[in-house]
Structures are given as structure tokens and as C-alpha cells.
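User: Can you walk me through this one? I'd like the ligand site first, then the fold.

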Amino acid sequence: MAGWSVLEHDVLVIGAGGAGLRAAIEAAGQGVSVGLVCKSLLGKAHTVMAEGGVAAALANVDDRDNWQVHFADTMRGGQYLNNPFMAEHHAREAPDRVRELEAWGALFDRTADRRILQRNFGGHKYPRLAHVGDRTGLEMIRTLQDHGVHRGIDVHMECTVVTLLKDGERVVGAFGYGREQGRLLLFKAKAIVLATGGIGRAYKITSNSWEYTGDGHTLAYDAGAELMDMEFVQFHPTGMVWPPSVRGILVTEGVRGEGGVLKNAQGQRFMFADIPEAYVKQTADNEDEGWRYTQGDRDARRPPELLTRDHVARCIVREIREGRGSPHGGVFLDIAWIKTRLPHAAEHIQRKLPSMYHQFKELAGLDITQEPMEVGPTTHYVMGGVRVDAASQMSSVPCLFAAGECAAGLHGANRLGGNSLSDLLVFGCRAGGYAASFAKEHGAGTIDERQADAAARRCLAPLERGDGGGAGAGASGGAEVPYAIQHELQQLMQDKVGIVRTEAEMQQALAAIGRLRERAARLAVPGNRQYNPGWHTALDVHSLLTVSEAITRSALERKESRGAHFREDHPAKSAELGRLNHVISKGAGGEMTLRREPTVAMSAEHRRIVEEQG
Ligand SMILES: Cc1cc2nc3c(=O)[nH]c(=O)nc-3n(C[C@H](O)[C@H](O)[C@H](O)COP(=O)(O)OP(=O)(O)OC[C@H]3O[C@@H](n4cnc5c(N)ncnc54)[C@H](O)[C@@H]3O)c2cc1C
């Protein structure tokens, strides 16, 4: 058996996106030693891709905004499956976390009186997203990274964690490998924060990059923690649809925030035809009012293009299914039309949406200042994740914390745009702080060498079977190729557990996931351990299968349509299910089990705020 290198920290943070970096900064600030592990290079996490902005009720652009309105917007957007205490912490603390980022050197776009500028976004009542053009994530990650490095955090880049190690009930370490040399690594830690981001790579069409294979969800689940709300996968309404090589790449909601409109092939602004009851009072009933809203008219209501993502995505799917789609299977998103309203519109678009301008110019040969884009839904975000305590972010496993996209609770059935970056800052900070306190109060546990040995064997098994690997071997019950399993799973989830779901298709998916799991036990990879992407993919497959099964089981159980989860066979909401979260955990025999839990009740103050905000 190959050996492993041992590394030791008081707090180990797995994931170096916004949540991981913010957690690491907070923990290091409390004087504990902190290790930060990431699959790719520091600074290349998902957070860097965030475009539209970070939601915080700073009230710089509209002084009617405050934490209560942000809280009510978040709860309404999540269709009241959110943990209200997380929603309260988030809405109250986000402004301070953004100002702190500014104090650490982040440069935001500015209002005329030099305060942080805020833009409109779907589901937010007032302009609330602090932003840097459409490159907000880049500025955020740059700032956090600089600040973190100066706090003395040890960064372990290009390392993937595959297993958590336990001493009795508590977590005491993590086992993984270095991607470059294939070295096996054992991290000892008194507390661990999971900040591994999302699951987008379980689907074929996604805005997510290769790293988002649901590892944190799976590490937690395998260690005995609970997952919650896994049926709620957000399909962002606007991804690129053409050319095929770039299908799924995100087109920021900022385009609609700046006045972009959605049209079908007949030139109709179809969003006006379908405004959900809960949003009628807040939504413009004519095009002129919608335009005025995007230009900052305080008396105007938002255009229907800025309704919540779940609803906009479903309206787009309906247009496409009913034959009113664009030539390449999407609908049209038009920002160029604003030239009929604004002088120097082309320069304005380029200044406000520089990345979108370049993205379409470079990848699709299209000038968005002159022509409409073709867009369609893309798998974007998972509301479900590790079930955590609202204040500390600790999971049900002692010592194990989770924050950011891999944690559940804040967003309920649907996340509002911009609420992820603020989530990372608020709950990254909380998780890091509580993890550091936990580490100070508890000594190091004991590492069980047998667990490490078993983890090492599991890691190396695909390579050891490698000689038998090769295309085509799978069908006969022989060795299996990791890319084949990955692609089949992505297609399966896309087709059968996607934006429109039915019992029959999801039952087929569940059975197929079981068959893929059996085949995954025979994964074989040729070559050696040095930078071997086939081997890395083989080790990702376990996570992809775990989160896919959790999504499918939860979606089967939710026999209603709510937020991002749409059942064609149960299109209405159920009052009973609207009071329940689905919790997934590992049964005694290793099987995945699901139970229903009542949602966390709102306090009297929460209820008053929600009623007041309509
Ligand atoms: C194109 C795009 C635009 C977006 N725009 C916005 C926006 O404008 N506003 C907004 O609020 N949200 C936006 N989002 C969503 C938001 O960016 C993400 O939800 C958020 O960045 C997730 O942050 P995180 O810290 O949880 O994880 P990430 O930033 O995803 O980082 C995860 C980290 O975990 C590491 N990791 C994963 N698995 C392992 C493992 N097994 N071992 C070690 N390390 C591991 C990764 O390498 C990475 O460092 C956008 C998302 C995309 C894709």
C-alpha cells in the first residue's frame, strides 16, 4: 500500500471560493492555524465567475431598502421553505460583510455621490446588488484571496479531498490526493469547514465548471451528516444556446436588470402573459413602466423579466415547447433595443456588461449592442446541501461545518440572484468563526490508520484495475471508463430529472443511477498517478452519483410544484408539503434514506415583516 503525507491544521477549510476564503480569514483571525484546500488553483473557484453582483440592503440607491425587505424577498423567493433564522442573519449581516470587503480593497462601481452602486435583480424589490460591471466575482475573490494570504493561511492547491476521517462521532481529518503528482495526503484537523460549491456537473447543460461535482455534499453524507432540499436545483433562465460548444454558459441576469427583454420568435414579450399571483402587485403591467424601473424610477414596478428565476425559466421552456422558440432552441434576449430609449446605448451596454459583450463577440460572433442573443435555461445552482445549524453552520456531525453553495437552508425552494455571494460572505464568516472556537475548545482527535488505509485503497483502485480498462469493455461486465459513466449520468439527469419532472421519468432515472453505480464499481483507468484526468474523473463519479440519487429521491417525494422544482404530474402547490423539508441521510445498511421534517417556524417578528412586505 502506498503511503501518504500528513499535514496538520487546527481548522481545515475544503474549498477556496468565496465561502471557503471568508471562513479561512475568520478562523485565522482567531489565532488558529488554517489550511485551505482546493481542487484547482487559488482564485479559480466558481465565485470568480459571478457576474451580476452581491445582494445587500445598503440602501445606497433606494433608501426604502433595509434588512427586513431583503429578508421578506428572500423568504418569498424561497417559497417559505427557507430557514427564517438563516434568512435573517443573511439580510442583517450582508451590508457589513460588503462594507468590510470594500475596506479590504474591493473596488465597486459607484453612485454619483461615490457610494457603492447597486443594481436591480430578479425578485429583489429595490436595487440591491453591489457590483463591479459584470465581473463582481473576480473582484470579490481577488480581495478575499489577498486578505487571506496576508493572514497566513496555508493554501494547498490542486488537491482533491475524497473522504473525511472520523474518531467516533466527530470528524478529525480528511484524506485526498494532489492532482499534479498523485501524492496521497492526510489532513489532520480539529474542525473542518466544507465550502466546496455546487453540483452542476451532474447535468449536461450547465453554467458550472468541471470542479462542481457535489464533493462537499457527498463528503458530508458519507460522514453521517444530513442533506436537505436536494430536489431544488436552479435552472438559470438565460444560458447561451449557440454554438453547441458553449451551450450552458451563463448570460447574467444583469442584462435584464439593465433593461434587456425576452421575446419569442413572434416578437412577443411573453413574460407579460404569465405573472404569478404572489408577484402581481410588484410587477409592471406595461412595457414603459418596466423600462422606467430599470432606469431607477422609484415609482415604477419591475418588468416581468425580473421575476424569480424558476418562473422565468419555465416560461422560456413553455415558449420553446410550444414552437415559438428561436432557431437554435432558445428564445431571444434583447438589450440592443435600448438604443430606442438611450443616447450612446452601444457604449452604455459595453460599459455596463463588458463580459457579456465579449462573451458573445468571441464565442458566438454576435454584437449584443446591435442584435438579440439566443438564450435558454442552464443548470446553475443547488439550493439543497448540508443541513446546518442556522447560527454556527455546524452539521449534525460534530466538528463538521458547511457554508456557501454546499450548505442548505438559506434559499429554500429558489435562490434569488445575488443572494449567493452574500451567503458566502455571511455564512463563510460565521462558519470560520465557529470552527475556530470549536477547535480551541476541543483537542485533536485520534486518526484511525485503518480508515486512512481504506481511503487510500479506494483512491488507487481505478488505477490498479487500469490494465483491464478501455472503451467498450463496460457492456460485457468488464472494466468501465469514467467518462462514459459521467456522460451517461449527465444525459440522464438532464432528460429525466431536469426542469420539468414526472414520476415515471424519475423512477427510470433512479433505476438507471443504480445500474451506473454498479458499473462504477468496475471503473478502470490506464496510466499513472501524475496529472491523470481519467483517474480524477473516476474519483468524482462517486460524488456525482450520490448527489444525483439524492436529487432524484427528493424530487420523487415532493409531489407538488414549488420554486425550482416543477412536476408536470403535480403542477399545483401542496399546502402540506409547503411546510416540510426533505432530509436525506445514510441508513444503517448504507442505503440512502429520506425523511420529512417540518420547516423551521418563523418567529412572530418574521411573520410581521413578511405580512408587512406583502
Ligand atoms: C457564471 C456564474 C455567474 C454567477 N453569478 C452570480 C452573481 O452574480 N451573484 C451571486 O450571488 N451568485 C452568482 N453565481 C453563483 C455563485 O457564484 C456561486 O454559488 C458561489 O460562487 C459558490 O461559492 P462557494 O464558495 O460556495 O463555492 P465555489 O466558489 O464554487 O468554490 C468551491 C471550491 O471548492 C473546491 N472544491 C470542490 N470540491 C473539492 C474537493 N473535493 N476537494 C478540495 N476542494 C474542492 C473548488 O476547487 C473551489 O475552490 C454565479 C455562478 C456562475 C456559475
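This is a predicted model: local features need pLDDT of at least 70, side-chain atom pairs count only at pLDDT 80 or more; totals for chains, interfaces and linings use all residues.

User: Which residues come nearest to the ligand?

Analyst: His46, Thr47, Gly52, Glu211 and Glu405, out of 39 residues around the ligand. To be near, a residue needs a heavy atom within 4 Å of the molecule.

User: What polar atoms sit by the ligand's nitrogen and oxygen atoms?

Analyst: A ligand nitrogen is 2.7 Å from a side-chain N or O atom of Asp215. A ligand oxygen lies 2.8 Å from a side-chain N or O atom of Ser420. An oxygen of the ligand is also 2.9 Å from a polar backbone atom of Ala19.

User: How much of the ligand does the protein cover?

Analyst: 99% of the 1000 Å² of accessible area that the ligand has on its own. Areas come from the Shrake-Rupley method with a 1.4 Å probe; for residues, only the protein chains shown count as cover.

User: Which elements give two or more residues to the shell?

Analyst: Helix H1 (18–29), strand S7 (159–167), strand S14 (373–382) and helix H11 (419–441). H11 gives the most, with 4 residues. Helices (H or I, at least four residues) and strands (E, at least two) are DSSP runs, numbered from the N terminus.

User: Switching to the chain. How many helices and strands?

Analyst: 16 helices and 18 strands. The C-alpha box is roughly 70 × 55 × 50 Å along the principal axes.

User: What share of the residues is buried?

Analyst: 64% of the 614 residues. Buried means under 20% relative accessible area, exposed over 50%, partly exposed in between (1.4 Å probe, protein chains only).

User: Now Glu253. Where is it?

Analyst: Glu253 is in the loop between strand S11 (233–240) and helix H6 (254–257).

User: Buried or exposed?

Analyst: Glu253 counts as buried because its relative accessibility is 1%.

User: What does the Glu253 side chain pair with?

Analyst: The Arg309 side chain, through a polar contact of 2.5 Å. A polar contact is a pair of N or O atoms within 3.5 Å; within protein, one must be able to donate a hydrogen and the other to accept it, and residues adjacent in sequence count only if both atoms are side-chain atoms.

Note on methods
Residues are numbered from 1 along each chain as its sequence is written. Side-chain values use heavy atoms; hydrogens and water are left out.
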